[in-house]
There are 2 protein chains.
Amino acid sequence: MKKLINTAESVVEDALNGLAAAHPSLRVRDRVVYRAEGPRPGKVGLVSGGGSGHEPLHAAFVGPGMLDAACPGEIFTSPVPDQIIDATRAADGGAGVLHIVKNYTGDVLNFEMAAELCDDVPVASVLVDDDVAVQDSLYTAGRRGTGATLFVEKIAGALAEEGAPLEEVARVAREVDDHSRSFGVALTSCVTPAAGKPTFDLPEDQVELGIGIHGEPGRSRAPMAPARELAALAMEAIHGDLPLRDDLLVMVNGMGGTPLIELYVVFAEVEAFVRGKGARVVRSLVGNYVTSLDMQGFSITVCRLNGELTRLWDAPVETPGLRWGR
Amino acid sequence: MKKLINTAESVVEDALNGLAAAHPSLRVRDRVVYRAEGPRPGKVGLVSGGGSGHEPLHAAFVGPGMLDAACPGEIFTSPVPDQIIDATRAADGGAGVLHIVKNYTGDVLNFEMAAELCDDVPVASVLVDDDVAVQDSLYTAGRRGTGATLFVEKIAGALAEEGAPLEEVARVAREVDDHSRSFGVALTSCVTPAAGKPTFDLPEDQVELGIGIHGEPGRSRAPMAPARELAALAMEAIHGDLPLRDDLLVMVNGMGGTPLIELYVVFAEVEAFVRGKGARVVRSLVGNYVTSLDMQGFSITVCRLNGELTRLWDAPVETPGLRWGR
């Protein structure tokens with residue numbers, strides 16, 4: 001299993017050096033990525049973080065309209081409290097800081113500890129738990145946080161940019177999580193640099209339904225099937241939990257090793273499925289956004305929009321990983 | 001080899017349906033992708049195309065500031081002349097059309113034939129041949145066209161948007177190609193949907209240096225090595241052909257199956273290499289832009305900038321695959 005790395009130990013450090021070199025809008029210090037221009041006085045700061053290996057999440061979503069700082073842990077490993085504290089201070093513009101936490105036990109504990117230790121900064125926290133695949137999982141009590149994290153970061157980031165107070169930014173972040181559901185399908189396992197071999201075995205004729213973004217087991221295995229059937233399995237799981245209706249934001253996300261042409265094939269099926277339920281895809285993303293290293297497969301995240309969420313989704317954003325104007 | 005497709009025969013059609021469904025700014029008709037708002041009267045139209053399997057190139061680069069139309073062929077197969085003619089007409093705003101052609105024999109012949117048959121539209125053509133790896137190759141007489149295609153499309157697209165005449169847009173397109181060089185490294189083969197197995201065999205302890213974007217052979221094989229050494233091999237090949245100096249635009253491009261975290265590791269090495277030669281990376285792209293299906297590996301494209309090229313690179317662009325404002 002070949003990897004474009006120098007050593008397994010240095011991969012996060014080396015990649016952060018590359019991120020800083022590629023994007024003058026970002027600064028990296030002590031494993032914290034933050035906006036070069038620093039926090040905007042009076043603006044609520046947004047911080048997220050978690051294990052590395054999910055790029056562009058989170059570090060490449062730092063910038064105007066989205067995060068103020070990110071704290072990437074080692075591959076698939078929670079950031080430590082000191083890192084989260086540093087990120088919180090780097091994001092603090094005097095109006096408090098929102099922690100956006102994916103629901104994994106290590107992340108939850110370390111963000112909680114950091115918030116307690118950082119008692120001079122008002123901190124609110126939102127837990128993202130959008131993955132309908134399994135109720136409890138390896139590393140997680142309750143549902144896992146996956147693709148909706150991007151939606152929360154984008155939409156809460158837009159409201160913070162407008163100058164809304166901390167409790168309002170936290171409210172909209174929770175609303176996005178409430179309105180969002182995800183489901184993932186793996187065709188292959190990921191390979192971590194440290195292990196150098198697949199995290200799990202998946203036969204050539206099977207897929208893993210409900211895969212987690214660290215290769216955690218899903219609901220079940222199923223025979224490999226055409227894109228139409230795999231998309232329908234994922235969409236039925238989402239629809240069974242949160243009925244599809246009205247206007248939807250839909251992301252078809254690649255797990256890292258799947259080419260874009262295949263993601264567009266899946267998106268066509270997802271869009272047809274949504275129409276079949278009488279709902280509409282009015283906003284979408286297709287690409288690699290919340291990845292699992294080199295895993296082949298996809299996840300689908302659906303968010304039921306309303307006027308406010310649509311307006312905030314459309315607001316300008318300027319980060320290395322997500323960017324649009326107007 | 002699992003693929004997210006319905007059938008190998010329908011993959012391009014299905015993906016184009018997904019592209020159209022995801023991006024209301026685009027229209028797809030008879031295998032031509034064009035801007036929904038149609039050609040702008042008086043603006044030079046830009047058309048590119050080639051085999052599918054390199055997404056986001058070319059179809060997802062249609063939009064303001066870049067292409068007016070794209071004509072995707074079957075996987076790794078040239079578009080047919082009728083398609084190119086349709087694309088040319090869809091792009092024609094009355095000021096002529098520039099064909100941006102990657103140097104593969106089939107593409108060159110079919111674009112030439114289309115230009116001849118489309119004799120009521122003034123057509124200029126630019127051949128992109130930036131790959132320093134090999135002089136002649138499978139499918140190509142002369143150097144292959146790879147990553148610089150994106151640079152040509154972006155920079156010529158910006159000049160066309162300013163209202164420059166056809167000969168000026170063609171001149172800057174050729175200048176970008178003259179100023180650009182690429183080199184690719186494969187860790188694994190791609191797998192085409194039709195074949196369902198690797199295009200070539202590459203042992204677990206080796207890489208292919210100078211790989212083409214269809215899996216064509218490169219210069220040689222070498223033992224797998226740390227990212228620093230692989231980046232240096234690629235950069236020495238480029239530097240040997242076009243000495244690195246002054247201000248550079250650098251793309252570290254993923255071949256489709258390589259995670260973003262690894263591309264940032266490579267970018268850090270490339271940037272350090274450039275500094276070591278006394279030059280500067282002043283603009284950059286890191287990500288999957290000119291891919292080869294699910295191949296793992298990377299390519300590096302370097303363009304020597306000047307004032308005009310930098311200004312045009314920075315001009316606004318709004319396409320599904322490349323987007324920035326200001």
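Modeller: Gladly! Domain bounds here come from an automatic or database domain assignment. Please keep in mind that this is a predicted model.

Colleague: Let us begin with chain A. Which domains does the domain assignment of chain A give?

Modeller: The assignment gives two stretches of chain A. They are domain 1 (11–179) and domain 2 (180–313).

Colleague: How many Å separate the centres of domain 1 of chain A and domain 2 of chain A?

Modeller: The centres are taken over C-alpha atoms. Between domain 1 of chain A and domain 2 of chain A, the separation of the centres is 22 Å.

Colleague: How much area do domain 1 of chain A and domain 2 of chain A bury between them, and which residues of domain 1 of chain A lose the most area to domain 2 of chain A?

Modeller: In contacts, 39 residues of domain 1 of chain A meet 39 residues of domain 2 of chain A. The two domains of chain A bury about 3200 Å² between them, with 63% of it on carbon and sulfur atoms. On the side of domain 1 of chain A, three residues together make up 21% of what that side buries, and these with the most area lost to domain 2 of chain A are A:Phe76, A:Phe151 and A:His179.

Colleague: How do the residues of the side of domain 1 of chain A that touches domain 2 of chain A divide into nonpolar, polar and charged?

Modeller: Across this interface of domain 1 and domain 2 of chain A, the rule finds 21 residue pairs in polar contact, both at pLDDT 80 or more. Helices α4 (148–161) and α5 (166–179) of chain A each supply at least two residues of the domain 1 side. That side of domain 1 of chain A divides into 20 nonpolar, seven polar and 12 charged residues.

Colleague: Which residue does A:Arg143 meet in a salt bridge?

Modeller: Across the interface of domain 1 and domain 2 of chain A, the rule finds three salt bridges. Leaving out residues up to four places away in sequence, A:Arg143 touches several others, including A:Asn103, A:Asp129 and A:Arg181. The side chain that meets A:Arg143 in a salt bridge, at 2.5 Å from N to O, belongs to A:Asp241.

Colleague: Does A:Arg143 count as buried or exposed?

Modeller: The relative accessibility of A:Arg143 is 19%. Buried means under 20%, so A:Arg143 counts as buried.

Colleague: Now for the two chains together. How many Å² do chain A and chain B bury between them?

Modeller: Here 57 residues of chain A are in contact with 57 residues of chain B. Of the area buried between chain A and chain B, 61% is on carbon and sulfur atoms, and the total is about 4600 Å². In chain A, the residues that lose the most area to chain B, together 21% of what that side buries, are A:Lys2, A:Leu4 and A:Ile261.

Colleague: Which element gives the most to the side of chain A that touches chain B?

Modeller: The rule finds 25 residue pairs in polar contact across the interface of chain A and chain B, both at pLDDT 80 or more. Several elements of chain A each supply at least two residues of that side, among them α1 (11–22), α6 (227–241) and β11 (280–287). With 10 residues, the element that gives the most is α7(A).

Colleague: With which residue does A:Lys3 form a salt bridge?

Modeller: Across the interface of chain A and chain B the rule finds two salt bridges. In the one formed by A:Lys3, the closest N and O atoms are 3.9 Å apart, and the partner is B:Glu262.

Colleague: I would also like to hear about the backbone. Is the peptide bond from A:Leu57 to A:His58 cis or trans?

Modeller: A:His58 is found in the loop between β3 (45–52) and β4 (69–75) of chain A. Omega is near -15 degrees for the bond from A:Leu57 to A:His58, and that bond is cis.

Colleague: Finally, does B:Asp30 count as buried or exposed?

Modeller: B:Asp30 lies in the loop between β1 (26–29) and β2 (32–35) of chain B, and its phi is near 45 degrees, a positive value in a residue other than glycine. Exposed means over 50% relative accessible area. At 58% relative accessibility, B:Asp30 therefore counts as exposed.

Definitions and conventions. Residues are numbered from 1 along each chain as its sequence is written. Chains are lettered from A and ligands numbered from 1 in the order in which they are written. This is a predicted model: local features need pLDDT of at least 70, side-chain atom pairs count only at pLDDT 80 or more; totals for chains, interfaces and linings use all residues. Side-chain values use heavy atoms; hydrogens and water are left out. Helices (H or I, at least four residues) and strands (E, at least two) are DSSP runs, numbered from the N terminus. Buried means under 20% relative accessible area, exposed over 50%, partly exposed in between (1.4 Å probe, protein chains only). Contact means heavy atoms within 4.5 Å. Buried area is the accessible area (1.4 Å probe) that two parts lose on being put together, summed over both. A salt bridge is a side-chain nitrogen of Lys or Arg within 4 Å of a carboxyl oxygen of Asp or Glu. A polar contact is a pair of N or O atoms within 3.5 Å; within protein, one must be able to donate a hydrogen and the other to accept it, and residues adjacent in sequence count only if both atoms are side-chain atoms. Ala, Val, Leu, Ile, Met, Phe, Trp, Tyr, Cys and Pro count as nonpolar, Asp, Glu, Lys and Arg as charged, and the others, Gly among them, as polar.
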